[in-house]
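Subject: Structure handover

Hello,

Here is the structure you were expecting. My notes on it follow below.

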Amino acid sequence: MDVSQEQLKKMGKAYRERLAAIEANSRLTILDKVVDYSADSQPVTPYIVYTDFNRAQLNEKSSSIFVYTAYENVDKYGHSKTDYQNELLFEYDAWAKAIHITVLETLGAESQLAFYDFQNHGLAQLSLQYLLKIARANQVVKIDGNVSSFDGESLKKVMALFEKFGFEFKIQNAQQGLASFYLTLAE
């Protein structure tokens with residue numbers, strides 16, 4: 001990552017602005033933040049992982065875990081182009097002790113939310129890592145979901161990512177990229 005001093009200043013400004021906006025929003029909780037401009041850092045840094053999940057608000061239909069980075073996300077004035085590059089949307093069912101992941105297309109390069117190809121930078125891994133932390137903190141015993149990717153190659157990428165975290169897959173149609181998955185957590 002060859003970044004000029006001017007770009008670093010703009011990235012720092014955008015990061016600080018986004019962090020302040022997240023901190024000012026009482027509906028959002030910061031799960032992790034890293035301010036490290038290491039040249040070879042994985043995931044892309046600096047980043048902020050945050051969520052709108054609030055266990056006390058059980059009437060909410062869904063929640064998300066977001067990952068923001070200033071990397072490749074700063075305009076010529078030093079402002080963020082987008083509020084986040086990665087979103088993992090999920091539904092929490094306290095009674096069933098379960099989480100259902102409802103959107104997966106945003107985890108890969110095909111994301112409508114990403115302005116650039118953020119694959120292989122660890123952003124989706126951060127989302128899943130913090131989803132598992134939320135699940136364990138709330139005594140969730142099962143996480144499941146459906147993959148509706150764009151094709152078989154995209155499905156393979158999603159499967160490789162989720163399998164790193166212990167998820168198992170049942171493929172409905174490999175060519176069309178359709179599958180379901182689950183993970184059972186210890187009680």
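To begin with helix H3, its buried residues are Gly152, Ser154, Leu155, Val158, Met159, Leu161 and Phe162. H3 covers residues 152-163, and its end C-alpha atoms are 16 Å apart. That agrees with the 16 Å that its 12 residues should span at 1.5 Å a residue.

Please keep in mind that this is a predicted model. The average pLDDT of the protein chain is 83, and 82% of the residues score at least 70. The stretch to watch is residues 106-117, where pLDDT stays under 50. The model has 25 contacts beyond four places in sequence for that stretch. Where pLDDT is low, the predicted coordinates should not be read in detail.

Overall layout

The protein chain contains 3 helices and 8 strands. Along the sequence they follow the pattern α-β-β-β-β-β-α-β-α-β-β. The chain has 187 residues, of which 45% count as buried. Among contacts with a separation of 6 or more, 58% are between residues 24 or more positions apart.

Helix H2

H2 runs over residues 123-137, which makes 15 residues. From first C-alpha to last it reaches 21 Å, close to the 21 Å expected at 1.5 Å a residue. Its buried residues are Leu123, Ala124, Leu126, Ser127, Leu128, Tyr130, Leu131, Leu132, Ile134 and Ala135. For reading such a list, recall that an α-helix has 3.6 residues a turn, so residues three or four places apart point the same way. After H2 comes glutamine 139, which has a positive phi, near 55 degrees.

Salt bridges

How many salt bridges does the count give? The count comes to 3.

One of the salt bridges joins lysine 13 and glutamate 17, with the closest N and O atoms 2.8 Å apart. Both residues belong to helix H1 (residues 5-24), and because they are 4 residues apart there, about one helical turn separates them. Lysine 13 is partly exposed, at 28% relative accessibility. Glutamate 17 is also partly exposed, at 34%.

Another salt bridge is formed by the side chains of lysine 33 and glutamate 23, at 3.7 Å from N to O. Lysine 33 lies in strand S1 (residues 29-34) and glutamate 23 in helix H1, so this pair ties together parts that are 10 residues apart in sequence. The relative accessibility of lysine 33 is 42%, which counts as partly exposed. Glutamate 23 has 49% and counts as partly exposed; the cut-off for exposed is over 50%.

There is also a salt bridge between the side chains of aspartate 144 and lysine 142, at 3.9 Å from N to O. The cut-off for a salt bridge is 4 Å, so a pair at 3.9 Å is counted. Aspartate 144 has a relative accessible area of 23% and is partly exposed. Lysine 142 is partly exposed as well, at 37% relative accessibility.

Regards

Terms used: Residues numbered from 1 in each chain as written. Predicted model: local features only at pLDDT ≥ 70, side-chain atom pairs only at ≥ 80, totals over all residues. Heavy atoms only, no water. pLDDT = per-residue confidence, 0-100. Contact = heavy atoms within 4.5 Å. Helix = DSSP H or I, 4+ residues; strand = E, 2+ residues; numbered from the N terminus. Expected span 1.5 Å × (residues − 1). Buried < 20%, exposed > 50% of the residue type's maximum accessible area, 1.4 Å probe, protein only.
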